[in-house]
Amino acid sequence: MDDYLAGFGEEPGYLDYARVGPLARVAAEETLAFTQVLERARHGSMEAFAQQDRRLREAASAFTGIAADRIVAIPNTSTGLMHAMFGLTGTVLLSPGEFPSVPIAAVRANEALHSVQPAWLETDHGKVTPGLIRDQLESNVAAVAVSLVDSRTGYLCDLEGIRQVIGDRLLIVDAIQGFGIVDAPWEVADVVVTGGQKWCRAGWGTGVMALSERAAERLTPVFSGYTGTTDDEVWDEVPPPAPGARAFRVSNPDPIAGARFAAALEELAEVGVAAVNARVAEHVSRVIDLADEFAVPVVSSRDERERAGIVVLEPEPEQVTVLTASLHNHGLTTTTRLGTVRLGVHAALHEETVEMLRGAFVSFNTAAAY
């Protein structure tokens, strides 16, 4: 854990991991090393790049418990969601309040192919729960799509409970807001898509998509490119897509991005995601307590079973700008969106960051009193 925490190199004041995580030390070092290999291109050195796809899939397999041959590298979460939605046939139940990548993928697939129809789930203030899904689950629903952690509310959904109520329908999970800090039951999902740039701190251009055997059978690999076949290259003919996850490859993945993400996942596997989750939970509680001390309204869940690393503050509408300015003026990096202020808290929390946050809340209270 000490080595893992030492790999957080950002300056104090950063509380925006839900937007992007500053590069982990191991990811930065891997990037530099492979960039130098590519720069010099010494004889025999280029073969190392070809090994990074398997390395990433094996690292993701060790992290999730999903077999490596059921995992494919993708450049970002949105690409994986497009693969899933365009590959579906039937109705997909999802909340219109999900991060835009989810509903937009469903609507674009409907507009282009007419083979998938979105059914809009009514939620409890953005929370997608097994009970709500059960009550709105029609017989024609072929799949349910959810976010592991909601990007606006910070709510951690109950994947096992959702699996119990949907039966053998496909469960598609946008995992990015919890991947790396939540010890989730990945085996209950049929499609898991994530990027590595947030809580895994692996930078942009990183991601994986994992498919259950059921998903591999039911999804059509609409965007299956020349590397999505059984062989690496097939000339003078157009072969069918490969069986399984490999079919969803469009081209060769970025090996430097793969090395970056693999290094981050390998480090996480060593420290253990449960240990990381415990540190995150401790720091989230501390931030919530600090907000309570200064009567800054917290609208995200206080229950550790329903949260990950996101704390959402919602002052009165006329005070949102005041709170945002106070945080900015005290050197804190956060996100203000749709009338709320979102803090992303990770396993490392500088004492200086806590004092900066305290100062921002003091300034906010002083300004709000006028």
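How many bridges join strand β6 to strand β7, and in which sense do they run? There are 5 bridges between β6 (residues 191-195) and β7 (residues 207-211), and the two strands run antiparallel. This is a predicted model, in which local features need pLDDT of at least 70, side-chain atom pairs count only at pLDDT 80 or more, and totals for chains, interfaces and linings use all residues. Residues are numbered from 1 along each chain as its sequence is written, and side-chain values use heavy atoms, with hydrogens and water left out. Helices (H or I, at least four residues) and strands (E, at least two) are DSSP runs, numbered from the N terminus; two strands pair if DSSP finds at least two bridges between them.

**The sheet of 7 strands**

- The sheet is open, its order is β1-β7-β6-β5-β4-β2-β3, and its pairing is mixed.
- At the edges are β1 (71-73) and β3 (116-120), each of which pairs on one side only.
- On average, neighbouring strands are turned by 20° against each other, direction ignored (axes are lines fitted to C-alpha atoms, for helices over the stretch in contact, and angles run from 0 to 180 degrees between N-to-C directions).

**Strand β2 and its partners**

- β2 runs parallel to β3, with 5 bridges, and Leu94 has Trp120 in β3 as its bridge partner.
- β2 also runs parallel to β4, with 3 bridges; here Leu93 stands opposite Val144.

- Helix α8 (residues 159-166) lies across β4 and β5, at about 155° to β5.

**The sheet of 3 strands**

- This open sheet has the order β8-β10-β9 and antiparallel pairing.
- β8 (310-313) and β9 (335-337) each have a single partner strand, so one side of each lacks a neighbour in the sheet.
- β9 pairs with β10 (residues 340-344) over 3 bridges, and Arg337 stands opposite Thr340.
- Helix α12 (residues 320-329) packs on the sheet, touching β8, β9 and β10, and its direction makes about 30° with that of β10.

Notes. Contact = heavy atoms within 4.5 Å.
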